[in-house]
Amino acid sequence: MKNLFSRSAQTVILFFVIAGILALALGGYLNFASTGLNTALVAAQSWISVRFVAAQEFITLPRDSLTLRQENAQLAEEVSRLQAQVLQYQQQAGETKSLAALVNFSRSNPENAYTAASVIGRDPSPFLHYIIIDRGSADGLRRGMPVVTDQGLVGRVDAVISNAARVQLITDPASAVNVRLEKADRDVVVVGSVSGDLSLDLVAQDVTLEVGDILITSGLGGGYPADLIVGQILNVRKRDSDIFQKASIQPVVDFAALKIVLVATNFRPVDISPLLPVP
Amino acid sequence: MVVFVVQSAVASRIPLLSGAVDLPLLFLAGWALQERVEAAWTWAIVAGIFAAFYSAMPPLVYLGGYLLVVFLARFVQRQVWQLPILAMFTVSFLGTILLHLLSFLVLSFSGSSLVLADVLTLITLPTLFLNFLLAIPIHSMMRDLAVWAFPLKELV
């Protein structure tokens with residue numbers, strides 16, 4: 001009987017304790033305890049979770065690595081392909097830009113008929129400044145025809161075969177172009193050199209050479225048509241002790257980057273050599 | 001033919017100052033220095049004809065220059081020197097000098113305004129430097145080609 005009372009009392013006490021704890025919890029008096037418990041629980045779960053995920057990754061790594069490598073290879077291939085495509089588009093854009101400029105030049109000079117040609121090579125000899133273009137006699141090219149770009153004079157056709165031609169640049173040491181000084185309105189001769197630089201030579205001392213003066217072909221001699229831009233004066237070397245003065249010329253055409261040129265196919269050069277006096 | 005195409009389309013577009021590597025000369029020198037090769041004179045004439053086709057230089061310059069290169073190579077190869085690399089350097093050096101001297105003389109006589117100092121500093125010295133750079137690989141290539149084309153009889 002005593003035991004039964006004791007058990008009932010224990011049950012009642014336990015009930016009251018639980019009810020009291022619940023009442024305290026519902027009343028918010030156990031927040032500090034629940035917060036601490038939750039924090040410890042989350043920390044423990046995080047600790048276990050991190051280690052489990054690490055172990056899982058360690059176990060499944062070879063499979064993922066293979067997949068990643070395959071994906072990486074595919075992406076690298078895709079990147080290479082796209083880079084090649086970008087380069088191709090850039091090249092096409094550059095060519096289109098050059099061609100558009102040449103078309104504009106051709107339209108602005110309707111008196112001449114032009115044939116466009118690509119530069120496919122240069123003279124093997126470093127002593128000479130010649131280029132090889134991919135148009136020849138089959139396209140109407142003949143020896144002596146002037147070659148230009150939208151920027152200005154390039155040179156003239158030196159030799160022709162059926163589908164290619166060799167062009168002597170105005171920078172060649174053997175080249176001489178009759179030009180007119182725009183400001184001074186005097187005719188002078190531009191010559192090339194082995195280094196590819198242009199210069200004015202044998203200019204009389206009374207001619208006024210000014211830095212920046214534009215040089216355009218005069219048409220004298222019949223080798224080139226008139227009014228093509230050649231370059232502008234870069235600096236002048238004039239000494240009183242010299243008979244002639246000299247000047248360096250900055251060409252308007254970038255001869256190192258020539259890609260596409262125009263050949264004036266309706267220009268017929270005049271050979272005046274029989275008229276020149278024999279010394 | 002391929003060498004001239006590469007020379008015209010690639011090598012001539014990579015100048016050092018105004019000089020450029022002379023691939024036909026190097027290939028010819030490397031080929032003529034091989035003991036097993038007997039037809040180097042023929043190749044000199046073929047190279048001279050191709051050069052005349054490509055270049056605006058008077059044809060005799062290249063023809064004479066390449067024949068001189070083969071003569072030099074044969075002369076050097078018959079001497080006591082047993083160092084093929086040294087022989088290649090010697091032939092490249094003398095061949096370049098001779099070819100440029102010939103070009104300079106012919107162009108000067110034909111009326112081009114060439115200054116010897118400019119030619120030396122802007123063309124010949126850079127060309128020599130570039131030729132020396134490529135002399136060894138081209139000689140090795142020619143040696144392998146000669147071994148492949150003319151195997152020794154006891155090895156056959």
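## Interface between chains A and B

Two residues are taken to be in contact when their C-beta atoms, placed from the backbone, lie within 7 Å. In this predicted model, that criterion places 20 residues of chain A in contact with 25 residues of chain B.

On the side of chain A that touches chain B, strand 1 (114–122), strand 2 (130–133) and strand 5 (165–169) of chain A each contribute at least two residues. The greatest share comes from strand 1 of chain A, which supplies three residues. Sorted by class, this side of chain A consists of eleven nonpolar, five polar and four charged residues.

## Barrel in chain A

Chain A contains a closed barrel built from six strands in the order 6-7-8-11-10-9, with antiparallel pairing. From one strand to the next, the twist averages 40 degrees.

Within chain A, strand 10 (residues 229–237) and strand 11 (residues 244–251) run antiparallel and are joined by six bridges.

## Organisation of chain B

The secondary structure of chain B comprises six helices and zero strands. Read from the N terminus, the elements of chain B follow the pattern α-α-α-α-α-α.

Chain B has 156 residues, of which 40% are buried. Considering the contacts in chain B between residues at least 6 apart in sequence, 70% link residues at least 24 apart.

Methods
Residues are numbered from 1 along each chain as its sequence is written. Chains are lettered from A and ligands numbered from 1 in the order in which they are written. This is a predicted model: local features need pLDDT of at least 70, side-chain atom pairs count only at pLDDT 80 or more; totals for chains, interfaces and linings use all residues. Helices (H or I, at least four residues) and strands (E, at least two) are DSSP runs, numbered from the N terminus. Ala, Val, Leu, Ile, Met, Phe, Trp, Tyr, Cys and Pro count as nonpolar, Asp, Glu, Lys and Arg as charged, and the others, Gly among them, as polar. Two strands pair if DSSP finds at least two bridges between them. Axes are lines fitted to C-alpha atoms, for helices over the stretch in contact, and angles run from 0 to 180 degrees between N-to-C directions. A residue is buried if 20 or more other C-beta atoms lie within 10 Å of its own, exposed if 12 or fewer, and partly exposed in between; C-beta atoms are placed from the backbone.
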